[in-house]
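Please work through each task on the structure before turning to the solution.

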Amino acid sequence: MARGLAIGDRTLQRRLGGYGVDFKGLVDDTRRRFALRHLADPTITLTEVAYLLGYSEVSAFNRAFKRWTGSTPSDHRHGRVRR
């Protein structure tokens, strides 16, 4: 990512830190937001959502989604959200 911005790794870390963010957290939050958006489209399968978010396994996506929301992607998609 830093290379794409033409800055050093440490510079990117420092700049993100200035906003109270770390790279891992930024990626995690971005994946969560895109997951919710993709799950709203019933034409995209759960496998496709996992792939689009960069997960190599659907099970890893399921674990991350449950950590983010407390429910599985399937439950979320079908309105069975746990609180």
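**Exercise 1.** For this predicted model, state how the accessible surface of the chain comes out, and what share of it belongs to carbon and sulfur atoms.

*Solution.* The accessible surface of the chain comes to about 6000 Å², and carbon and sulfur atoms account for 54% of that area. Turning from surface to interior, buried residues make up 22% of the 83 residues in the chain.

**Exercise 2.** Determine which elements the chain has, and set its radius of gyration against that of a compact globule of 83 residues.

*Solution.* Begin with the elements: the chain has five helices and zero strands, so that the order from the N terminus on reads α-α-α-α-α. Next, take the radius of gyration, which is 15 Å for the chain, whereas a compact globule of 83 residues would have a value near 12 Å. Finally, consider the principal axes, along which the C-alpha trace spans about 45 × 25 × 20 Å.

**Exercise 3.** Identify the residues of the largest nonpolar core, and find which helix gives the most to this core.

*Solution.* The largest nonpolar core has eleven residues in all, namely Ala35, Leu39, Ile44, Val49, Ala50, Leu53, Tyr55, Phe61, Ala64, Phe65 and Trp68. Two or more of these residues come from each of helix H2 (23-39), helix H3 (46-52) and helix H4 (58-69), and H4 gives the most, with four residues. For one member, leave out residues up to four places away in sequence: Ala50 then touches Tyr55, Glu57, Val58 and Phe61.

Notes:
Residues numbered from 1 in each chain as written. Predicted model: local features only at pLDDT ≥ 70, side-chain atom pairs only at ≥ 80, totals over all residues. Heavy atoms only, no water. Rg over C-alpha atoms; globule rule 2.2 N^0.38 Å. Buried < 20%, exposed > 50% of the residue type's maximum accessible area, 1.4 Å probe, protein only. Areas by Shrake-Rupley, 256 points an atom, 1.4 Å probe, with all protein chains shown as cover. Core = buried A, V, L, I, M, F, W, Y, C linked by side-chain atoms within 4.5 Å. Contact = heavy atoms within 4.5 Å.
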